[in-house]
Amino acid sequence: MSKQQQTAISPTRTENYPEWYQQVIRASEMAELSPVRGCMVIKPWGYGLWENIQRLLDDMFKATGVKNAYFPLFIPIGFLEKEAEHVEGFAKECAVVTHHKLEKGEDGRLVPAGRLNEPLIVRPTSETIIGDAFSRWIRSYRDLPMLINQWANVVRWEMRTRLFLRTSEFLWQEGHTVHATKKEAVDRTHMMLTVYKRMAEELLAIPVITGEKTVAEKFPGAETTTCIEAMMQDRKALQAGTSHFLGQNFAKASGIRFQSADEKEEFGWTTSWGVSTRLIGGLIMTHGDDNGVILPPRVATAHVVLLPILKKAKESEAVMAYTRDLAERLGRILYHGSPLRVEIDDRNIGGSRNWDWIKKGIPLRVEIGPKDIASNAVFMARRDLDRKQSQSVAKERFLEEVTDILDDIQKTLFDRALAFREENTRNIDDAGTFNAFFTPENSEQPEIHGGFAWAHWCGNGGCEETVKNRQNVTIRCIPFTGEGEESGVCIECGEPSEKRVLFAKAY
Ligand SMILES: [Zn+2]
């Protein structure tokens with residue numbers, strides 16, 4: 001990095017936020033675009049993060065009685081037709097398999113052959129095929145509740161793609177449950193949303209707002225969609241997870257029936273809920289700075305990198321021995337139940353080595369040179385602090401305090417994100433202020449403006465659509481029943497309103 005340059009990532013967030021995002025991912029080596037348009041290659045530094053999220057979330061699911069299963073990648077076209085809203089919601093973005101083999105054409109190139117009688121859909125979500133399985137698995141109320149989760153990839157054909165945020169293929173989990181009563185299904189919908197909120201806030205250090213989607217924004221076929229919404233550093237909202245109450249719609253479409261305790265045949269009540277690799281995009285946009293990503297310790301691919309300083313050959317052996325000993329001792333320390341994840345980078349490449357790890361966002365960097373060995377110390381840098389705040393710490397003290405330091409980084413990231421959201425959230429009561437708030441020209445940085453606006457809405461889809469068409473501002477969520485009741489008038493039409501809803505531009 002040249003001396004003139006102030007930051008590792010160019011452009012900075014304020015110069016060009018979307019481009020900053022792409023460059024952060026490139027510099028961190030988390031993912032890259034693939035030869036297939038709209039699809040991504042997730043590299044080890046990004047995939048390790050996903051594995052940690054997956055493992056911790058999986059434990060949280062299982063603690064609520066959920067079990068994992070796996071269903072086919074392909075869905076018969078007829079299955080998707082079963083639920084009218086569902087087919088309409090997904091028809092525009094489906095990958096369809098029409099052939100089952102390849103043959104050499106006249107010019108020697110491979111061409112699809114063997115046309116299928118019934119085309120297959122590459123799953124955009126698995127409600128219908130899991131519904132089919134449930135219709136066979138469930139006979140009696142004794143089989144309920146049925147609590148199943150699947151970790152899988154799904155495909156939704158996207159024309160405009162961005163790594164982690166919007167790609168044609170992405171990784172996710174989809175939970176599907178069946179219950180004997182409406183109340184149980186509604187309770188499960190909220191229980192899983194609570195799991196997501198905890199995951200976002202405690203593991204990813206991303207503060208979220210929970211609520212219910214409007215009819216226009218809900219999942220196709222759902223009775224209600226609940227969601228967690230987070231604010232990114234360009235002040236746009238990111239929907240980070242959803243939990244749907246599906247009523248009996250999918251049960252009726254798939255024939256999920258059971259015999260009740262008093263021997264009546266009834267349809268089940270179902271839910272579904274999911275989060276995806278989009279969370280990684282949200283994490284980058286919440287915590288990244290102009291030097292790259294900052295990984296929250298709870299899910300970080302690695303916690304500590306040891307950087308032995310190997311300038312002179314005669315000292316190298318001692319430095320490496322000290323480094324390996326430290327790595328081994330760190331690896332025996334448990335952080336929230338799992339061993340610390342430690343990397344050693346012994347490349348002799350000068351200052352760019354330190355910068356590589358800053359850009360990767362590893363929580364702690366530890367340099368070890370002959371001087372540190374002489375004083376039985378390490379030279380430690382926290383990724384959440386300025387580089388100038390790096391300091392020498394006695395080795396034993398470092399080993400004793402390392403988990404506390406990681407927890408402190410985790411807390412700092414959450415507090416910082418929450419303060420940012422609060423600074424950029426306001427109650428707005430008149431249309432003029434509302435429109436000005438969401439107009440880019442009112443900002444010194446057109447890419448970064450607006451924020452979250454709590455404003456009154458009459459509940460009419462027409463008002464919602466007008467606001468959306470005018471400024472691309474959508475209702476992110478409606479607070480749950482009993483929350484935030486306060487009378488006012490709709491920001492658009494002036495009709496009475498019972499509560500404020502959350503408006504924002506969104507990813
Ligand atoms: Zn209105």
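**Rings and cysteines**

Mentor: F245 has a relative accessibility of 6%, so it counts as buried (buried means under 20% relative accessible area, exposed over 50%, and partly exposed in between, with a 1.4 Å probe and protein chains only). Keep in mind that this is a predicted model, in which local features need pLDDT of at least 70 and side-chain atom pairs count only at pLDDT 80 or more, while totals for chains, interfaces and linings use all residues. Residues are numbered from 1 along each chain as its sequence is written, and side-chain values use heavy atoms, with hydrogens and water left out.

Trainee: How many aromatic pairs does the structure hold?

Mentor: The structure holds 14 aromatic pairs, where rings of Phe, Tyr and Trp (its six-membered ring) pair if their centres lie within 6.5 Å, and planes under 30 degrees apart count as stacked, over 60 as edge-to-face and the rest as tilted. One of them joins F134 and W137, whose ring centres are 5.8 Å apart and whose planes stand at 55°, so this pair is tilted.

Trainee: Where do F134 and W137 lie?

Mentor: Both F134 and W137 are in helix α5 (residues 127–137), three residues apart, which is about one turn of the helix; helices (H or I, at least four residues) and strands (E, at least two) are DSSP runs, numbered from the N terminus. F134 is buried at 3% relative accessibility, whereas W137, at 38%, is partly exposed.

Trainee: And F245, which you began with, is its pair with W269 stacked or tilted?

Mentor: The pair of F245 and W269 is stacked, with 6.3 Å from centre to centre and 10° between the planes. F245 belongs to strand β11 (residues 237–245) and W269 to strand β14 (residues 269–276), so the pair ties together parts that are 24 residues apart in sequence.

Trainee: Which residues form an aromatic cluster?

Mentor: One aromatic cluster is formed by W50, F61, W151, Y196 and W273.

Trainee: Switching to cysteines, how many disulfides are there?

Mentor: The count comes to zero disulfides, taking a disulfide as a pair of cysteine sulfur atoms within 2.5 Å. C39 is in none, and the nearest cysteine sulfur, that of C94, is 15 Å away. C227 is in no disulfide either, with the nearest cysteine sulfur, that of C477, 4.7 Å away.

Trainee: Is C227 buried or exposed?

Mentor: C227 is buried, with a relative accessible area of 0%, and C39 also counts as buried, at 15% relative accessibility.
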